[in-house]
Amino acid sequence: MTAITTLRSTLATALVDNTRWQVFSFPPATPIANSVIIQPDDPYIEPTNNNNNIAPLARFKVVVVVPMFDNQGNLSGVEDHVVAVFTKLAASTLKVNIGSVSAPSVMTTVAGEMLSSEIAISILTTWS
(Lines give C-alpha, C1' and ligand atoms only; values in the text may rest on other atoms or scores of the structure.)
Protein backbone atom coordinates (compact mmCIF):
# COMPACT_ATOMS: atom_id res chain seq x y z
CA MET A 1 0.00 0.00 0.00
CA THR A 2 1.08 3.54 -0.68
CA ALA A 3 1.54 5.93 2.24
CA ILE A 4 -0.99 8.73 2.51
CA THR A 5 1.83 11.30 2.31
CA THR A 6 2.70 10.22 -1.24
CA LEU A 7 -0.69 8.95 -2.40
CA ARG A 8 -1.70 12.00 -4.49
CA SER A 9 1.55 11.91 -6.48
CA THR A 10 1.26 8.13 -6.94
CA LEU A 11 -2.30 8.55 -8.17
CA ALA A 12 -1.22 11.36 -10.52
CA THR A 13 1.53 9.15 -11.96
CA ALA A 14 -1.02 6.37 -12.60
CA LEU A 15 -3.19 8.83 -14.56
CA VAL A 16 -0.48 10.29 -16.82
CA ASP A 17 -1.46 10.34 -20.49
CA ASN A 18 0.62 12.91 -22.35
CA THR A 19 -1.38 12.41 -25.55
CA ARG A 20 -4.70 13.39 -23.92
CA TRP A 21 -4.28 15.58 -20.86
CA GLN A 22 -2.10 17.23 -18.26
CA VAL A 23 -2.36 15.79 -14.72
CA PHE A 24 -2.42 17.92 -11.57
CA SER A 25 -1.97 16.21 -8.20
CA PHE A 26 -3.61 19.24 -6.58
CA PRO A 27 -6.28 21.77 -7.58
CA PRO A 28 -4.46 24.31 -9.79
CA ALA A 29 -5.10 28.05 -9.39
CA THR A 30 -6.53 28.13 -12.92
CA PRO A 31 -7.83 24.85 -14.37
CA ILE A 32 -7.03 24.27 -18.03
CA ALA A 33 -8.82 22.32 -20.72
CA ASN A 34 -7.69 18.74 -21.32
CA SER A 35 -6.57 18.14 -17.78
CA VAL A 36 -7.16 15.68 -14.97
CA ILE A 37 -7.14 17.17 -11.49
CA ILE A 38 -6.85 15.21 -8.26
CA GLN A 39 -8.49 16.94 -5.33
CA PRO A 40 -9.53 15.82 -1.86
CA ASP A 41 -13.15 14.80 -1.41
CA ASP A 42 -15.26 15.26 1.70
CA PRO A 43 -14.64 13.46 3.95
CA TYR A 44 -11.00 13.44 2.87
CA ILE A 45 -9.45 10.92 5.26
CA GLU A 46 -11.55 8.43 7.17
CA PRO A 47 -9.94 6.06 9.69
CA THR A 48 -11.03 2.44 9.28
CA ASN A 49 -10.66 -0.35 11.78
CA ASN A 50 -9.20 -3.38 10.05
CA ASN A 51 -8.03 -6.28 12.22
CA ASN A 52 -7.24 -3.93 15.12
CA ASN A 53 -5.21 -1.68 12.82
CA ILE A 54 -6.52 1.79 12.10
CA ALA A 55 -5.82 2.42 8.42
CA PRO A 56 -6.79 5.61 6.60
CA LEU A 57 -9.26 5.53 3.73
CA ALA A 58 -8.43 8.48 1.46
CA ARG A 59 -11.19 9.92 -0.71
CA PHE A 60 -10.55 11.95 -3.84
CA LYS A 61 -12.37 13.54 -6.73
CA VAL A 62 -10.70 13.02 -10.08
CA VAL A 63 -11.91 15.97 -12.13
CA VAL A 64 -11.73 15.72 -15.92
CA VAL A 65 -11.73 19.05 -17.76
CA VAL A 66 -12.28 19.42 -21.51
CA PRO A 67 -12.83 22.45 -23.75
CA MET A 68 -16.36 23.76 -24.20
CA PHE A 69 -17.05 23.72 -27.95
CA ASP A 70 -20.65 24.75 -28.61
CA ASN A 71 -24.16 24.61 -27.13
CA GLN A 72 -23.91 20.83 -26.96
CA GLY A 73 -20.64 21.28 -25.15
CA ASN A 74 -18.13 18.51 -25.41
CA LEU A 75 -19.97 15.56 -23.91
CA SER A 76 -18.08 13.05 -26.06
CA GLY A 77 -14.81 14.56 -24.81
CA VAL A 78 -15.88 14.14 -21.19
CA GLU A 79 -17.05 10.59 -21.83
CA ASP A 80 -13.78 9.72 -23.58
CA HIS A 81 -11.75 11.10 -20.67
CA VAL A 82 -13.87 9.32 -18.04
CA VAL A 83 -13.43 5.96 -19.81
CA ALA A 84 -9.67 6.58 -20.13
CA VAL A 85 -9.39 7.43 -16.40
CA PHE A 86 -11.26 4.21 -15.51
CA THR A 87 -8.90 2.24 -17.78
CA LYS A 88 -5.80 3.80 -16.23
CA LEU A 89 -7.03 3.19 -12.68
CA ALA A 90 -7.81 -0.45 -13.52
CA ALA A 91 -4.30 -0.89 -14.93
CA SER A 92 -2.59 0.71 -11.93
CA THR A 93 -1.26 -1.10 -8.87
CA LEU A 94 -3.47 1.00 -6.60
CA LYS A 95 -6.39 -0.71 -4.86
CA VAL A 96 -9.03 1.80 -5.87
CA ASN A 97 -12.75 1.81 -5.21
CA ILE A 98 -14.40 3.88 -7.94
CA GLY A 99 -17.66 5.55 -7.02
CA SER A 100 -20.02 7.64 -9.06
CA VAL A 101 -19.33 10.06 -11.89
CA SER A 102 -21.01 13.46 -11.73
CA ALA A 103 -23.01 14.92 -14.59
CA PRO A 104 -20.86 17.22 -16.74
CA SER A 105 -21.10 20.88 -15.78
CA VAL A 106 -19.82 24.14 -17.18
CA MET A 107 -16.74 25.49 -15.42
CA THR A 108 -16.11 29.21 -15.91
CA THR A 109 -12.51 30.37 -15.35
CA VAL A 110 -10.28 33.22 -16.46
CA ALA A 111 -9.19 30.90 -19.28
CA GLY A 112 -12.80 30.66 -20.51
CA GLU A 113 -15.61 28.11 -20.24
CA MET A 114 -14.83 24.41 -19.99
CA LEU A 115 -16.81 21.26 -19.33
CA SER A 116 -15.93 19.15 -16.30
CA SER A 117 -17.03 15.99 -14.54
CA GLU A 118 -15.94 14.46 -11.23
CA ILE A 119 -15.15 10.81 -10.52
CA ALA A 120 -15.33 9.84 -6.83
CA ILE A 121 -12.66 7.37 -5.73
CA SER A 122 -11.40 5.98 -2.44
CA ILE A 123 -8.14 4.23 -1.66
CA LEU A 124 -7.19 2.29 1.46
CA THR A 125 -3.74 3.53 2.39
CA THR A 126 -1.25 3.65 5.28
CA TRP A 127 -0.27 6.51 7.57
CA SER A 128 3.41 6.34 6.56
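Is F26 buried, exposed or partly exposed? F26 counts as partly exposed, at 42% relative accessibility. Buried means under 20% relative accessible area, exposed over 50%, and partly exposed in between (1.4 Å probe, protein chains only).

1. Basis. This is a predicted model: local features need pLDDT of at least 70, side-chain atom pairs count only at pLDDT 80 or more, and totals for chains, interfaces and linings use all residues. Residues are numbered from 1 along each chain as its sequence is written, and side-chain values use heavy atoms, without hydrogens and water.

2. Aromatic pairs. Rings of Phe, Tyr and Trp (its six-membered ring) pair if their centres lie within 6.5 Å; planes under 30 degrees apart are stacked, over 60 edge-to-face, the rest tilted. The count is two pairs. F24 and F26 are edge-to-face, because their planes stand at 75°, with centres 6.1 Å apart. F24 is buried, at 13%.

3. The other pair. Y44 and F60 are also edge-to-face, at 5.8 Å centre to centre and 75° between planes. Y44 lies in strand β2 and F60 in strand β3, so the pair ties together parts 16 residues apart in sequence. Strands are DSSP runs (E, at least two residues), numbered from the N terminus. Y44 is partly exposed at 29%; F60 is buried at 1%.

4. Core. A nonpolar core is a set of buried Ala, Val, Leu, Ile, Met, Phe, Trp, Tyr and Cys residues joined through side-chain atoms within 4.5 Å. The largest has 23 residues. L11, L15, F60, V85 and I121 touch the most other members. A second, separate core of six residues includes I37, V63, V65 and M107.

Technical notes
Helices (H or I, at least four residues) and strands (E, at least two) are DSSP runs, numbered from the N terminus.
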